[in-house]
Each structure stands twice: as structure tokens, then as C-alpha cells.
Amino acid sequence: MPTYQTIFGPVPSRRFGRSLGVDLTPMKTCCFDCVFCQLGPTRHPTLERREYVPVQTVKEEILRWRDEGGSADFATLSGSGEPTLHSGFGDVLRFLKTELPCPAVLLTNGSLLYLPEVRAAAVDANVAKLSLSAWDADSFRRVNRPHPDLDFDRSLAGMQAFRSAFAGRLWLEVFLVAGLNDAPDQVARIAELAATLAPDKIHLNTAVRPPAESTVQPVPQDRMERLADRFRPRAEVIADFSPRPGSGVAVNESAILDMLRRRPCTARQIADVFGMHVNEVAKYTGHLLRAGRIQSLPRGDQIYYEASRAGSPSAPESE
Ligand code: SF4
């Protein structure tokens, strides 16, 4: 299997079909530390924009992947952090559009779009997916826990300016956390701001996978469906509440579980053993954590996973 440093997948995605991931930053390089982040905590939120990985390396890997027969429904700038922190993300978007037949997608928290150079680069996406889960400075601090120099109103104005300049499809993700931003009046305020961005689609998500903070609770599915009515266009609930019995995931989970029975490992170590991206690992560990088959152990700056007793070979399948 060819190995790449900056691209991964294609991974199956409910929203993007088979999505080739392009990862422009080291693990968890972000200007936010969202309570619901599935990649774990941001140790040092940053606003530093630079060439975290060489653009030339990204381009060479994309060409190698394509020339070895790679195909995908979308190519997505996403991965280990916030892609607009990479100073060359616009160059990568233009390259993807030129060299691959599939649409180029930018997944961004949108907070840096107040910078004219970030807006100028982001307009090269075919699809830009922004996020909005707060309605004012205080909720922004509680939900997204941004870098202290980020200002909610300025970031929102940047997203609105981007909308005016952007000719592609604009999607918006709203992430709801029970007891934090899911009260009807709070959701109404988010919906009001969402309307100012005139999104083509709105995705409503919640913490069905284990998030950065163990206290974060998902909003139940029936309530998510009711809250979706508050958005225009009506939001699509994308949180995957359904179990996946008998899927290929179970096969891979069992291999991961076998390894974690032998020794605790970090997500990075699991990724290295199985040749996966750490984002793919998060899906498997999330499923195993929810099923009670593994547990996480913070050790220093690292999170390790180990098999729990419920993860023993005799334990029944929970899903
Ligand atoms: S959810 Fe996205 S924006 Fe929030 S901390 Fe994680 S990577 Fe950053």
C-alpha cells in the first residue's frame, strides 16, 4: 500500500461520498479548542499562518495518488486541524481543481475569513463548509474556546464577506451540545445568524462520537429533528445515531481491539500499525469507547487506549 504523509483515504463519508483527505497541518493545529472536537484537545490554539507542510510535497503526493489509479468523489482539505492556518491552502485548492476531476472541498471553522488573504484563497474551493455553533462572544468562548485574539463578531463578519464573494456551494455545520447551546432560544439565535450566510445546505451535528470533553453530551435524535426545523433551509441532521452491525468496521475494530488487549496505544500508534490516518482511527476508537470495549487513559500530553474488561474476547457485541 503506498504511503503518504499529507493525503489519506479515500474515507467513506455520509456527506462527501468517498472523500480523499488532504491534511495540511500537524495533529491538532487549530485556532479553536471546541468542547466537542473528536481529535482531542488543542494544547496550544494558534493564529500563526505558515506552510506547516510543504505545498510541493502535497502536490507530489496528489499526483502520485492519481497516477496510481486513485479516485474519489471529493477531495477535502481537512484532517488534523484548521486548514486555513496553512499559508498555501489556496494554492492546494487550485491544484486539486486543476489535477483531479472531483470537486475540491474546504472544511473550515471560518474564523480566519476576516483576513482578506484567507477569503481570497478560500474562494477557490468548489464547496466551502463553514461552522457556526455560537451566537455571541460568550457562547463562542464556551463552545469553541477560541484563541484569545479571535473576536466572534469579526469572524462572523468575515464569513459574511466571504459569502458575498464566493460563487461555489456554501454549506454550514452547526454542532449542538446538550445543555450548552441546544436551548430553543439559543438555537433560534444561531439560526438567525446562519441565515445571514445564505448557506446552500445546513448540517446539524451532535456529539455521537466521544468528544474532547467527557462531560459533553449529545442531543437526542428526536430533539435534533425538531431543532432542524428552526433553520432556513431546514437543517439536515447528519449525526450518525445508528449502529452499524455487520459492517467492515467491525472487522477492523476487532483487529484494533486485539492490539489494545496486548498493550495500550495512542491513536497515532494505531494509525501507524494499520496504515490509517488518525482521523480514521478516531472513528474506530469512538465506536469501541461507546460500546465500552476500550477506555482512554490520559498520560502526560498523550491519550492512550486500552481494552476494558468488557472488551475481552468473551464480551458480547454491544452493537
Ligand atoms: S472541531 Fe474543528 S475547529 Fe473545533 S477544535 Fe476541532 S479541529 Fe478545531
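## The chain as a whole

Of the 319 residues in the chain, 51% are buried, a term that stands for under 20% relative accessible area, with exposed meaning over 50% and partly exposed the range in between (1.4 Å probe, protein chains only). The model is a predicted one, in which local features need pLDDT of at least 70 and side-chain atom pairs count only at pLDDT 80 or more, while totals for chains, interfaces and linings use all residues. Residues are numbered from 1 along each chain as its sequence is written, and side-chain values use heavy atoms, with hydrogens and water left out.

The chain contains ten helices and eleven strands, which are DSSP runs numbered from the N terminus (helices: H or I, at least four residues; strands: E, at least two). Among contacts (heavy atoms within 4.5 Å) between residues at least 6 apart in sequence, 72% join residues at least 24 apart.

## Around the ligand

The ligand is surrounded by Lys-28, Cys-30, Phe-32, Asp-33, Cys-34, Phe-36, Cys-37 and Asn-109, where a residue is counted if one of its heavy atoms lies within 4 Å of the molecule. This shell divides into five nonpolar, one polar and two charged residues.

## Ile-294 and its neighbours

Ile-294 belongs to strand E10, which covers residues 294-299, and it is buried, with a relative accessible area of 4%. Leaving aside residues up to four places away in sequence, Ile-294 touches several others, among them Leu-257, Leu-260, Leu-288 and Tyr-305. Leu-260 lies 34 residues from Ile-294 along the chain, yet their C-alpha atoms are separated by 7.9 Å.

Note on methods: Nonpolar A, V, L, I, M, F, W, Y, C, P; charged D, E, K, R; others polar.
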